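Trainee: I would like a close look at one part of this model, the pairing of its strands and the helices beside them.

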Amino acid sequence: MIKQEAKAQYVFVSWNRDSYSRTSVKERYLTSKNLNFKSVVIDRGFLSSLKNLRRMRSEDADLIENLVIASPCHILAVVAYCVGYRNIFLDAGWSLSESTEIRTRNIGVIRRKIAVAKTWLVDFVAFHLSKAVYLESVRQIDYVSKKFKITKSKCFVSYTGFDEISLSETCDEKINSEIESILEDKRTLILFRGKYTQEAGLTFIMDIARVLPSNIQLVIATNRLVAKEQIPSNVRIIESFLNNSEMRALYEKASLCLRSEEHTSELQSRV
């Protein structure tokens, strides 16, 4: 629980403390600048979260001004509201239902509809109860405000940052054989790292890869991708979690790094 110290302007709440998440990157930056904030990890599950946040509310209410809900723990915004918090800021990035639609493409229709409906409901309630919602791009603001019927005035762009601080430190974690083979390849490496969402632009990247010269290798590190038979021969896919040593080695090897970003092109991809 939060220690009885100076009043924290922001308290970050999540179910875990994954160093690779968008919210954790922000926390790492705030820590490096010695800014006043607190970070709280609570138990997973609605009832456990309700119990933890109720206790935090009763014991530390005077120390907390603003509650920041970390991505992808959107449902914690609902729980926080239930126990009395009102200054709730949701660092969403994108909607959970969007990711669910992609992740469940290969399961039965009924199961897929149920999964999407559940996450859509969580998104809808969390977005409406939050004082502000932080999203990955202007296009995400358009998408979320239209789909979930929320005003754009409460939505703000907050790009997913890159934690350069952790990679600048000594990395002594083991690099697995798959990454080693990519590093040993003599071709010029182009790297894309990011989640596969509907607007991630990975289909567009695949089309570009098909016309790249044979001396260029495109490496895509993502959580999930299209069917393997649709992947060009000069594209390598990394679907496993990358440790700091592997990420540092790939970024050092890469001649060009692509990131999710909004374009004003016809496709509105985030390449």
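How many bridges join strand β7 (residues 188–193) to β10, and do the two run parallel or antiparallel?

Mentor: There are 3 bridges between β7 and β10, and the two strands run parallel. This is a predicted model, in which local features need pLDDT of at least 70, side-chain atom pairs count only at pLDDT 80 or more, and totals for chains, interfaces and linings use all residues. Residues are numbered from 1 along each chain as its sequence is written, and side-chain values use heavy atoms, with hydrogens and water left out. Helices (H or I, at least four residues) and strands (E, at least two) are DSSP runs numbered from the N terminus; two strands pair if DSSP finds at least two bridges between them.

In this pairing, Leu191 has Cys257 of β10 as its bridge partner. The open sheet around them has 4 strands in the order β9-β8-β7-β10, with parallel pairing. β9 (235–238) and β10 (256–258) are the edge strands, each with a single partner, so one side of each has no neighbour in the sheet. From one strand to the next, the twist averages 20 degrees; angles run from 0 to 180 degrees between N-to-C directions, and axes are lines fitted to C-alpha atoms, for helices over the stretch in contact.

Two helices belong in this picture. Helix α8 (residues 177–184) lies across β7, β8 (216–221) and β9, at about 150 degrees to β9. Helix α9 (residues 202–209) packs on the sheet and touches β7, β8, β9 and β10, its direction making about 165 degrees with that of β8. Contact means heavy atoms within 4.5 Å.

Strand β4 (residues 88–93) is joined to strand β5 (residues 132–135) by 4 bridges, and Gly93 is partnered by Leu135 of β5. β5 pairs in the parallel sense with strand β6 (residues 155–157) over 3 bridges, where Val133 stands opposite Cys155. From β5 the chain passes through α6 to β6 in a right-handed β-α-β crossover: with the strands pointing away from the viewer, the path from the first strand over the helix to the second runs clockwise.

Trp120, Asp123, Phe124, Phe127 and His128 of α5 meet Val144, Lys147 and Phe148 of α6.
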